[in-house]
Amino acid sequence: MYVGTLSFDLLLGDVRSLKEKRSVVRPIVAELQRKYAVSAAEVDHMDLHRRAVIALALVSGDAAHVSDVLDRCERLVAARPEVELLSVRRRFHGEDD
């Protein structure tokens, strides 16, 4: 069994309220879940208008599959024009951990 996690620290564009923030963050989380069947959620900076941390996790029996899906998720978030990707933290846990 292999487990991969990603967390994205995001700077949001012209967002002036938490309601606007939700309208930016929720579609990203939903697209990650729909396209790649990962568990994803906003996990930090809940009270800040222009910052968000989105985390996701994936479990698979194939290490290459985990790596491929994490790469695709990272590209999807990085390509979103309404957010600036400040940092990405990737963790990979395998059979030997």
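**Entry 1: names first**

Before I looked anything up, I noted that helices (H or I, at least four residues) and strands (E, at least two) are DSSP runs, numbered from the N terminus. I also noted that I am working with a predicted model.

With that settled, I went to His-45, which sits in the loop between E2 and E3. His-45 has a positive phi of about 60 degrees, although it is not a glycine. I then checked the strands on either side: E2 and E3 form a hairpin with six residues between them, and His-45 is in the turn. The two strands pair in the antiparallel sense over five bridges. For a landmark, I picked Asp-44, whose bridge partner in E3 is Val-53.

**Entry 2: the partners of E1**

Which strands pair with E1? I found E3, and I found E4. Strand E1 covers residues 2-12 and strand E3 covers residues 51-60; they are antiparallel, with 10 bridges. Strand E4 (residues 83-93) is also joined to E1 by 10 bridges, and this pair runs antiparallel.

I wrote down one bridge for each pair. Tyr-2 has Ser-60 as its bridge partner in E3, and Leu-11 has Glu-84 as its bridge partner in E4.

**Entry 3: helix H1**

I checked the length of H1 against expectation. The helix has 19 residues, which at 1.5 Å a residue should span 27 Å, and its end C-alpha atoms are 27 Å apart, so the two agree.

Next I listed the buried residues of H1: Lys-21, Val-24, Val-25, Ile-28, Val-29, Glu-31, Leu-32 and Tyr-36.

Just after H1 comes Ala-37, with a positive phi of about 55 degrees. Ala-37 is not a glycine either, and its place is the loop between H1 and E2. Buried or exposed, I wondered about Ala-37? Its relative accessible area is 65%, and the cut-off for exposed is over 50%, so Ala-37 counts as exposed.

**Entry 4: helix H2**

Helix H2 takes up residues 63-78, which makes 16 residues. From its first C-alpha to its last I read 23 Å, close to the 22 Å expected at 1.5 Å a residue.

Which residues of H2 are buried? I have Val-66, Val-69, Leu-70, Cys-73, Leu-76 and Val-77. Looking down the axis of H2, I see that these buried residues fall within an arc of 125 degrees, so they line one face of the helix. That pattern sent me back to the helix repeat: an α-helix has 3.6 residues a turn, so residues three or four places apart point the same way. Ala-64 and Arg-75 are exposed on the other side of H2. The cover over the buried residues of H2 includes E1, helix H1 (18-36), E3 and E4.

**Entry 5: the start of H2**

What caps the N-terminal end of H2? I found Asp-62 there, with a side-chain oxygen 3.3 Å from the backbone nitrogen of Ala-64. Asp-62 turns up again with Ser-60: the backbone nitrogen of Asp-62 is 3.2 Å from a polar atom of the Ser-60 side chain.

Ser-60 itself belongs to strand E3. At a relative accessible area of 15%, under the 20% cut-off, Ser-60 is buried. Leaving out residues up to four places away in sequence, I listed what Ser-60 touches: Met-1, Tyr-2, His-65 and Val-66. Tyr-2 was already in my notes as the bridge partner of Ser-60.

**Entry 6: the core**

The largest nonpolar core has 24 residues. Those with the most contacts inside the core are Leu-32, Val-38, Ile-54, Leu-56 and Cys-73. I checked where the core residues come from, and E1, H1, E3 and H2 each supply at least two.

Not counting residues up to four places away in sequence, Leu-32 touches Ala-37, Val-38, Ala-40, Ile-54, Leu-56, Cys-73, Leu-76 and Val-77. Cys-73, Leu-76 and Val-77 are on my list of buried residues in H2.

**Entry 7: one last loop**

I finished with Arg-16, in the loop between E1 and H1. Arg-16 is exposed, with a relative accessible area of 59%. How many residues separate Arg-16 from His-49 in sequence? I counted 33, yet their C-alpha atoms are 6.2 Å apart in space.

Technical notes. Residues are numbered from 1 along each chain as its sequence is written. This is a predicted model: local features need pLDDT of at least 70, side-chain atom pairs count only at pLDDT 80 or more; totals for chains, interfaces and linings use all residues. Side-chain values use heavy atoms; hydrogens and water are left out. Two strands pair if DSSP finds at least two bridges between them. The expected span of a helix is 1.5 Å times one less than its number of residues. Buried means under 20% relative accessible area, exposed over 50%, partly exposed in between (1.4 Å probe, protein chains only). The arc is that of the directions from the helix axis to the C-beta atoms. Contact means heavy atoms within 4.5 Å. A polar contact is a pair of N or O atoms within 3.5 Å; within protein, one must be able to donate a hydrogen and the other to accept it, and residues adjacent in sequence count only if both atoms are side-chain atoms. A nonpolar core is a set of buried Ala, Val, Leu, Ile, Met, Phe, Trp, Tyr and Cys residues joined through side-chain atoms within 4.5 Å.
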